[in-house]
2 protein chains.
Amino acid sequence: MAIVKLVNSVKSLSKPSKQQSHRSTIGDVAREAGVSKTTISRYLSGQFDSISEQTRKRIEQTIADLKYRPNRMARGLKRDRSFSIGMIVADITNPFSTSILRGVEDVCTKHGYSLMVCNTDNDPVKEKEYIMMLQAHRIDGLIINSTGHNNEYLHELAEEQTPVVLVDRKMPELGFDTVVTNNVQATTEAMRFFLQQGYERIAFFTQPVEKVSSRNERSNTFHQFLAQANHPSITDVYVVDFRENGQLEQKLEAYLSSSQGQFRLLFAVNGVMQLKILNVLQQKGLRIPEDIAVACFDDLDWAPVIPPGITTIAQPTYEIGVNAMERVLKRIMGDQSPAETIELPGKLIIRGSTPSKTK
Amino acid sequence: MAIVKLVNSVKSLSKPSKQQSHRSTIGDVAREAGVSKTTISRYLSGQFDSISEQTRKRIEQTIADLKYRPNRMARGLKRDRSFSIGMIVADITNPFSTSILRGVEDVCTKHGYSLMVCNTDNDPVKEKEYIMMLQAHRIDGLIINSTGHNNEYLHELAEEQTPVVLVDRKMPELGFDTVVTNNVQATTEAMRFFLQQGYERIAFFTQPVEKVSSRNERSNTFHQFLAQANHPSITDVYVVDFRENGQLEQKLEAYLSSSQGQFRLLFAVNGVMQLKILNVLQQKGLRIPEDIAVACFDDLDWAPVIPPGITTIAQPTYEIGVNAMERVLKRIMGDQSPAETIELPGKLIIRGSTPSKTK
DNA sequence: TTGTATGCGTTATCAT
DNA sequence: ATGATAACGCATACAA
């Protein structure tokens with residue numbers, strides 16, 4: 001294992017102004033209310049049975065007067081829990097991520113936890129640094145859709161009994177709870193519909209699969225479904241790396257010319273891919289659905305608006321977030337049952353971009 | 001001021017499993033490396049001058065062996081700084097917010113700070129709770145686009161010397177640093193272009209202005225510009241509250257029928273509004289730009305894709321985030337200069353949705 | 001170059 | 001029903 005040089009990274013140590021105004025502490029409240037710190041602490045943790053009505057009210061008032069806010073760092077240090085949850089997403093600008101985030105957030109706050117959100121840009125190095133940072137904060141749980149290149153550090157977290165829950169991307173080798181869209185079901189459902197509509201050629205466009213299980217499952221299901229149906233498009237899986245300039249245009253051109261004149265469909269692995277594809281199609285002056293049909297994963301807000309309405313597979317993103325966080329909570333409460341993988345169904349939303357042939 | 005009942009909200013106090021594996025502390029490292037805790041602490045804060053080459057290496061190795069991670073809560077408690085920044089956004093699912101967030105994040109991590117992200121759904125109550133929560137975490141700074149209904153609590157933060165920086169929405173009465181799009185410039189630029197294109201009727205569609213300065217500035221500039229130009233559309237400002245069902249359809253209909261046959265344009269206050277408008281227009285079977293032209297604030301990823309390409313005003317979101325966080329950093333370093341309002345220019349991006357009349 | 005002792009704000013233990 | 005005291009992990013003032 002690499003030696004991690006652990007040096008405090010706050011460069012600005014030099015001279016942060018220490019002009020600390022009087023922020024009141026539990027001691028201040030105690031003095032002001034004429035009781036001991038212990039009693040205040042009891043009040044703070046809701047042990048009202050052990051406090052007389054009178055003093056309870058006095059404490060309440062004093063806290064308001066002093067604008068006292070319990071210090072979570074002190075509390076966390078003492079109790080060995082931070083009351084914070086870490087969330088690491090691959091791309092925070094992707095609505096898919098933020099929707100999951102919303103689910104996580106709602107459950108978090110309902111239970112008094114705070115959320116530290118980190119964005120890796122799919123960069124394993126950034127991911128590693130964030131994991132370490134969250135570890136330093138002593139997060140009580142982590143929710144992550146991982147690049148798949150930091151198993152060592154994730155494992156380390158788990159060894160410290162910090163619950164880790166994976167979302168969107170499975171990593172079976174780690175034995176973590178996992179919450180994902182049921183990609184097999186969703187893809188199958190969509191494919192069945194496509195064949196029903198009479199498409200003679202269907203192409204699946206995906207980003208490099210790498211360690212991203214969702215892409216992998218979608219590609220595989222696409223392939224296997226067509227194989228089973230003995231459909232001519234079996235090999236029409238196109239892998240596009242956006243970092244390679246012009247690759248999308250090139251592969252798109254390859255498919256388009258090879259399927260000239262056929263009743264054809266472009267199926268995109270996610271919303272990002274779909275948008276890029278539509279961009280190119282528009283530049284080429286191709287009309288949807290007259291010249292080519294399209295569909296994709298992710299039912300984003302533009303899907304109904306782009307004429308004639310884009311057929312999509314809505315992923316249960318919010319629910320994924322809720323489930324993931326609830327899972328974390330269970331583990332925090334001490335649940336030691338074996339790790340589970342929860343697969344939530346996707347929903348096919350049919351719009352104008354995928355007409356049937358007879359029509 | 002209302003009495004805030006301050007009771008620990010972690011419901012799950014009951015029996016969190018205390019099966020704490022051995023997480024090593026500074027003491028463990030010290031013992032293992034055969035030096036004092038002080039020396040380890042020196043290492044951690046980068047005071048290498050005061051450590052011999054030999055012991056430095058030994059410490060390095062020991063830290064790696066023990067997988068030691070300094071406890072930020074302990075450090076924060078001692079130093080009275082949490083190394084965390086709070087960020088409160090009105091709607092995390094809005095790409096506008098996440099783009100700002102990206103800017104904040106980059107500056108944060110570059111300087112060793114962590115980010116706690118909170119989402120209010122434009123709900124003042126949620127906002128209040130988040131402010132208090134962040135306060136409890138003793139955040140070193142706060143970046144917020146506020147609902148405008150929690151001045152009291154924001155002020156409280158400021159009194160404790162916690163820097164607060166406003167983004168997107170100004171609140172002059174608070175005297176905080178503020179970073180926003182230059183809405184006057186951006187709107188003016190767009191309007192000038194629209195008139196140049198020869199539009200006879202222009203409608204501005206906005207959500208209720210309330211305390212949201214950006215909406216206010218855009219509406220006002222729209223109005224004043226037309227007044228100055230003595231343009232017939234002076235009164236065409238439509239306020240739509242999405243919570244009122246059918247209101248958008250109704251107001252849209254009003255404008256459409258009143259402008260029948262004229263060379264006309266719909267100008268939306270932001271991307272969310274634009275998408276909803278496009279939805280209705282499509283249902284009505286209106287073509288863009290033949291039947292009506294459209295344009296909006298926010299250059300989101302769908303803008304170039306929706307035929308014939310939507311004309312937009314790109315806001316410098318990422319830069320807003322960067323500037324805001326740099327502002328926070330300055331204040332943390334003790335800068336006491338008067339609060340500034342930074343206005344970053346918006347950029348008009350012309351696409352097919354706003355053709356000129358002669359064309 | 002290194003170490004000792006004290007305290008940050010809170011909770012837990014053990015008292016009364 | 002209430003309090004005194006120790007301890008959480010770390011940084012700092014002061015010694016050596």
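First, the conventions. Residues are numbered from 1 along each chain as its sequence is written, while chains are lettered from A and ligands numbered from 1 in the order in which they are written. Because the model is predicted, local features need pLDDT of at least 70 and side-chain atom pairs pLDDT 80 or more, with totals for chains, interfaces and linings using all residues, and side-chain values use heavy atoms, without hydrogens and water.

I start with the second largest pocket, whose volume is about 860 Å³. A pocket here is an open set of points on a 1 Å grid over the protein atoms alone, where a 1.4 Å probe fits, with protein on both sides within 12 Å along at least five of seven lines; lining residues have an atom within 4 Å of a point. Points are joined across faces, edges and corners, and the volume is the space filled by probe spheres set on them. The lining has 31 residues, and B:Asp91, B:Asn122, B:Arg169, B:Gln207 and B:Arg215 are the closest to the pocket centre. H9(B) gives the most, three residues. Helices are DSSP runs of H or I with at least four residues, strands runs of E with at least two, numbered from the N terminus. Where does the pocket lie? Domain 2 (80–181 + 321–345) and domain 3 (183–316) of chain B both contribute to the lining, so the pocket lies between them. The domain bounds come from an automatic or database assignment.

Next, DNA strand C. It is surrounded by 25 residues, the closest being A:Ile26, A:Tyr68, B:Thr38, B:Arg42 and B:Lys78; near means a heavy atom within 4 Å.

Last, aromatics. There are 18 aromatic pairs over all chains, counted when ring centres of Phe, Tyr or Trp (its six-membered ring) lie within 6.5 Å; planes under 30 degrees apart are stacked, over 60 edge-to-face, the rest tilted. B:Tyr199 and B:Phe263 have ring centres 4.3 Å apart and planes at 5°, so they are stacked. B:Tyr199 is in the loop between H8 (183–197) and E6 (201–206) of chain B, and B:Phe263 in the loop between H10 (247–258) and E8 (264–268) of chain B, so the pair ties together parts 64 residues apart in sequence.
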